[in-house]
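Please read this briefing alongside the sequence and the model shown below.

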Amino acid sequence: MNLFDLTGKRALVTGSSRGIGRAVAEGLLEAGAQVVINGVNDRLFKTAQELAASTGCTVIPVQADLSQREENKRLFAESLDKLGGLDILVVNHGIQRSHPAEAFPIEDWDTVLEVDLTSLFMLDQLGGQHMLTHGGGKIINVASLLSVIGGTTVPAYAAAKGGVAQLTKALSNEWAGRGVTVNAIVPGFIHTDLTEDLVHDPGEGARLLARIPVGRWGIPDDLKGIAVFLASAASNYVSGAIIPVDGGFLAR
Ligand SMILES: NC(=O)c1ccc[n+]([C@@H]2O[C@H](COP(=O)([O-])OP(=O)(O)OC[C@H]3O[C@@H](n4cnc5c(N)ncnc54)[C@H](O)[C@@H]3O)[C@@H](O)[C@H]2O)c1
C-alpha cells in the first residue's frame with residue numbers, strides 16, 4: 001500500500017490560481033486526487049489549462065471572491081457538486097496589507113480578517129459538516145510564520161494568521177475523534193507574487209535570507225510534500241499540528 005496515494009480522493013484547494021496554492025493543487029493531482037482549483041480573477045482558467053497539461057489530469061476551476069460570505073458557500077456547494085463529494089480541503093487563499101500599526105486603517109483590518117480568517121472558518125465549517133457525515137476527511141489550513149511571531153506593520157495579518165493556528169487546534173479537538181483531521185502548514189519565506197518585493201529588497205530581503213538555515217528562499221514546490229502527506233493516509237494520526245515548512249527559520 002502506498003501511504004501517500006490519493007487515487008479516488010476529491011479535493012478543493014482555495015487560492016490556487018498561482019503561488020503556493022497552485023503548487024499544492026499540482027502535488028495533489030500528481031498523487032492521484034481530483035482537484036477543484038479556485039481564484040479570484042481570470043488567471044484561474046489559464047492555470048487550470050496549464051495544470052491539466054503538466055499532470056494529464058482533468059482540473060476543475062471554480063472562480064469565487066472569498067471576501068464575500070455568499071461566495072464561500074457557492075464555492076463549496078459547486079465543488080461538492082462537481083466532485084461528487086469532498087475528502088480533502090486546503091484553505092490556502094490569503095492577502096496582506098501593510099501599514100504602521102498606529103496608522104492601520106480599520107477598512108484594511110476588516111478586509112484582512114474577513115479574507116484570511118472568517119472565510120477560512122466558513123470553509124472549514126462547511127468542510128467539517130460534510131466530512132463528519134460522509135466518512136471523514138482531511139482539512140489543511142495555510143497559516144504563516146506570523147501565526148507564531150508578530151512581524152512589523154502587518155498587525156491584521158498577524159492577528160488573522162494567529163487565529164488560523166488557534167482555530168486549527170480548536171477544530172481538531174472537536175473533529176479528530178470523528179474521522180476529520182485538521183492541521184495547518186506554516187510556510188516560511190516563499191518566493192511568490194505576494195513576497196516578490198521583499199525577495200528583491202536589498203535590505204530586509206537580504207537580512208531575512210541570512211536568517212534562513214537552509215540558505216535560500218522557499219519556492220511553492222517546497223509545499224507539495226507536506227500537503228500530500230497531510231492529505232493522505234500517511235498522516236492519519238496527525239491532527240491539530242501546526243507544521244513549519246520554513247527552511248529552519250523558526251528554530252533559529
Ligand atoms: N509566500 C509566502 O512567503 C507565505 C508565507 C507564509 C504564508 N503564506 C500564505 O500562503 C498562502 C498563499 O500565499 P502565496 O504567497 O501563494 O500568495 P499569492 O498572492 O501568490 O496567491 C494568493 C492566492 O489567493 C487568492 N486570493 C486572494 N484573495 C482572494 C479572494 N478574495 N478570493 C479568492 N481567492 C483569493 C489569489 O487568487 C491567489 O490564487 C496565503 O494564505 C499566505 O498568507 C505565504
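In this structure, seven strands form an open sheet in the order β3-β2-β1-β4-β5-β6-β7, with parallel pairing. The strands β3 (59-63) and β7 (242-245) stand at the edges, and because each has a single partner strand, one side of each is left without a neighbour in the sheet. Neighbouring strands of this sheet are turned against each other by 20 degrees on average, with direction ignored.

The model is a predicted one, in which local features need pLDDT of at least 70 and side-chain atom pairs count only at pLDDT 80 or more, while totals for chains, interfaces and linings use all residues. Residue numbers start from 1 along each chain as its sequence is written.

**Terms for strands and helices**
- Helices (H or I, at least four residues) and strands (E, at least two) are DSSP runs numbered from the N terminus, and two strands pair if DSSP finds at least two bridges between them.
- Axes are lines fitted to C-alpha atoms, for helices over the stretch in contact, and angles run from 0 to 180 degrees between N-to-C directions.

**Strand β1 and its partners**
- From strand β1 (residues 10-13), Arg10 and Leu12 point one way and Ala11 and Val13 the other way, and all are buried (20 or more other C-beta atoms within 10 Å of the residue's own, with C-beta atoms placed from the backbone).
- Four bridges pair β1 with β2 in the parallel sense, and Leu12 has Val36 in β2 as its bridge partner.
- The chain crosses from β1 through α1 to β2 in a right-handed β-α-β crossover, that is, with the strands pointing away from the viewer, the path from the first strand over the helix to the second runs clockwise.
- β1 is also joined to strand β4 (residues 88-91), in parallel, by three bridges, and Ala11 has Ile88 in β4 as its bridge partner.

**Strand β6 and the helices on the sheet**
- Strand β6 (residues 180-187) runs parallel to β7 and is joined to β7 by four bridges, with Val186 partnered by Pro244 in β7.
- Helix α5 (residues 155-175) packs on the sheet and touches β5 (137-142), β6 and β7, its direction making about 165 degrees with that of β6; contact requires C-beta atoms, placed from the backbone, within 7 Å.
- Helix α2 (residues 43-55) lies across β2 (34-39) and β3, and runs at about 170 degrees to β3.

**Around the ligand**
- Of the 28 residues around the ligand (C-beta atom, placed from the backbone, within 6 Å of it), Gly15, Gly19, Leu66, Gly94 and Thr192 come nearest.
- Helix α1 (residues 19-30) gives the most to this shell, with three residues.

Definitions and conventions: Two residues are in contact if their C-beta atoms, placed from the backbone, lie within 7 Å. A residue is buried if 20 or more other C-beta atoms lie within 10 Å of its own, exposed if 12 or fewer, and partly exposed in between; C-beta atoms are placed from the backbone.
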